[in-house]
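Colleague: I would like to learn how to read a structure of this kind, feature by feature. Could you take me through it slowly?

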Amino acid sequence: MKTENRSTADPPHVLCVNPWIHDFAAFDFWLKPLGLLSIAAMLRDAGIRVSFADCLDRFHPKEDQPVKTARDGRGPFRKTPIRLADALPPLDEPLPRMPNTFSRYGIPPEWFKKDLESLDRPDLILVTSLMTYWATGVAETISVIRSVFPDVPVILGGKYATLCQEHATAHSGANLVVAGHGEPALEEIFRQFTGHGLDSDILNPDDPPFPALDLCTHLSYAPILTARGCPFSCDYCAASFLEPRMVRRSPDRVFAEISHWHHHFGVKNFAFYDDALLVNGPDHAYPLMEKIICADLDLFFHTPNALHIREITPRAADLMFRSGFKTIRLGLESANFSRNRRHDIKVLADEFFRAVSALKAAGFDSRQIGAYLLCGLPEQDLDDVAASMAFVRKAGIQPVLAYYSPIPHTPMWETAVSSAQFDITQHPLLTNNSLFPCVPSQDGIHRISRLKNRLV
Ligand code: B12
């Protein structure tokens with residue numbers, strides 16, 4: 001938890017909070033609240049005093065256990081088992097399936113409370129949110145905030161706020177729930193809740209300052225976003241609802257940001273948060289990678305969001321290899337290329353093989369390359385998943401199962417609601433991918449677990 005003090009005469013004090021995760025499993029898979037920290041940076045530029053409290057801080061000063069961090073910067077969160085029944089409101093019918101543990105991931109509530117108590121009373125509190133099914137973690141965070149600052153306005157934004165605005169308004173405990181980009185709403189939020197004006201020129205989501213990652217206790221990696229949006233509209237994905245426009249940042253500016261975190265904070269690992277990093281590559285990602293190669297900084301890049309397979313040309317693969325990409329994830333989804341496949345096909349078998357060959361020819365090791373395969377979709381035949389895994393292995397790379405979680409406002413949502421084994425509209429937590437809402441039987445779930453563990 002850090003506070004930034006500026007000398008401007010009595011500027012408002014804003015506390016930004018990254019909430020806990022409640023889930024059956026979670027890991028710091030390069031998870032940083034990029035949007036919240038971008039907003040924090042804009043507010044600082046406007047002379048506002050900004051503090052940050054991070055419920056997911058793996059490097060919290062009170063941490064007394066050894067912090068495990070892999071070479072790529074990722075690592076486990078602290079985990080405290082909690083009772084699912086305490087987090088969820090009573091349901092109309094009992095859940096037919098339940099994985100064994102449900103936990104709070106992040107720092108203990110006592111630490112969070114002490115961190116809040118050590119701060120000057122803020123004038124405004126901004127809370128972010130990520131996965132819709134982490135809704136109860138957001139509500140718990142806000143209830144602790146309320147216990148310390150009962151009369152400070154709490155504003156909630158982020159993905160859960162945007163995708164489940166009605167639910168968040170009714171259940172998060174926030175005074176206001178903002179859907180979509182926070183920047184256009186901030187001027188009015190400040191006027192309404194603090195009486196302080198804000199210069200709207202600095203509130204531009206298309207040209208953000210470097211995010212205020214310096215407010216984090218320690219950076220074992222940094223997130224990088226080179227562009228918002230995605231030119232595709234896959235029916236399971238909310239990207240086109242969340243980011244209807246494609247907006248690209250200049251390669252020079254992105255390179256300056258990477259250099260900044262490396263030179264001033266010693267960051268070596270960077271995770272790209274883009275939905276479509278290589279799309280329009282010759283004008284966008286290629287010049288960025290060329291700059292990285294010229295600077296010879298010996299950095300490591302990861303693409304946990306899938307890359308578009310068609311964009312992996314020999315040139316793209318060569319630039320990625322030489323600029324230091326270490327983790328490559330391809331968005332294959334399925335190796336069922338038949339016309340009657342349920343969701344659209346973005347890539348053909350020979351395009352996939354061409355992309356893998358280009359990556360290998362550039363120098364990538366097969367363990368560095370994984371292909372995401374969607375699993376647990378409505379009416380999905382699990383034989384297809386098994387065949388897709390075999391297909392990916394045959395290409396000499398790793399299959400990576402991505403379990404489907406139904407997301408409101410996506411084209412697949414209604415189908416998911418009607419094929420789910422329980423009423424997923426009752427609470428966002430019921431869309432958690434660990435519950436496999438759209439897999440019809442326990443046998444199916446067991447089969448998925450055997451597939452994951454390479455037992456079949
Ligand atoms: C980058 C990313 C990731 C990163 C991590 C992101 C992070 N922040 O930690 C990685 C690659 C690790 C990841 C992983 C996954 N992801 Co993801 N990811 C994204 C992605 C592409 C961008 C998110 C992002 O950072 N955007 C950029 C920042 C700048 O935006 P932002 O944080 O939203 O902030 C803006 C606003 O929200 C708002 N705002 C934010 N906070 C606040 C606070 C206040 C007070 C206000 C007013 C406003 C405000 O203003 C900000 C600035 O404009 C989105 C899709 C998308 N296009 O949004 C999916 C998305 C969030 N991911 C999704 C999924 C499903 C996953 C996975 C489960 C995939 C899988 N099956 O394995 C995993 C699971 C992660 C886990 N369980 O640990 C889903 C979410 C589904 C859901 N139910 O909520 C999305 C929407 C994609 C999709 N499929 O539709 N993801």
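Colleague: What should I keep in mind about the model and its numbering?

Modeller: This is a predicted model, in which local features need pLDDT of at least 70 and side-chain atom pairs count only at pLDDT 80 or more, whereas totals for chains, interfaces and linings use all residues. Residues are numbered from 1 along each chain as its sequence is written, and side-chain values use heavy atoms, with hydrogens and water left out.

Colleague: Which residues come nearest to the ligand?

Modeller: A residue is near a molecule if one of its heavy atoms lies within 4 Å of it. Of the 39 residues around the ligand, the nearest are Thr-128, Thr-132, Lys-159, Ala-238 and Asp-275.

Colleague: How is the length of helix H12 checked, and what span should it have?

Modeller: The expected span of a helix is 1.5 Å times one less than its number of residues. Helix H12 (residues 349-362) has 14 residues and should span 20 Å, which agrees with the 20 Å between its end C-alpha atoms. Helix H4 (residues 135-148), also with 14 residues, reaches 21 Å from its first C-alpha to its last, close to the 20 Å expected.

Colleague: Which residues of H12 are buried, and which are exposed?

Modeller: Buried means under 20% relative accessible area, exposed over 50%, and partly exposed in between (1.4 Å probe, protein chains only). In H12 the buried residues are Glu-351, Phe-352, Ala-355, Val-356, Ala-358, Leu-359 and Ala-362. Seen down the axis of H12, these residues fall within an arc of 155 degrees, so they line one face of the helix; the arc is that of the directions from the helix axis to the C-beta atoms. On the other side of H12, Arg-354 and Ala-361 are exposed.

Colleague: What does the side chain of His-22 contact?

Modeller: A polar contact is a pair of N or O atoms within 3.5 Å; within protein, one must be able to donate a hydrogen and the other to accept it, and residues adjacent in sequence count only if both atoms are side-chain atoms. His-22, in strand S3 (residues 21-23), is buried at 3% relative accessibility, and a polar contact of 2.9 Å joins its side chain to that of Glu-140. A polar atom of the His-22 side chain also lies 3.4 Å from the backbone nitrogen of Gly-137, and Gly-137 is one of the buried residues of H4.

Colleague: What is phi at Asn-280?

Modeller: Most residues other than glycine have a negative phi. Asn-280 has a positive phi, near 60 degrees, and is in the loop between strand S13 (269-272) and helix H10 (285-295), where Asn-280 counts as partly exposed at 36% relative accessibility.

Notes
Helix = DSSP H or I, 4+ residues; strand = E, 2+ residues; numbered from the N terminus.
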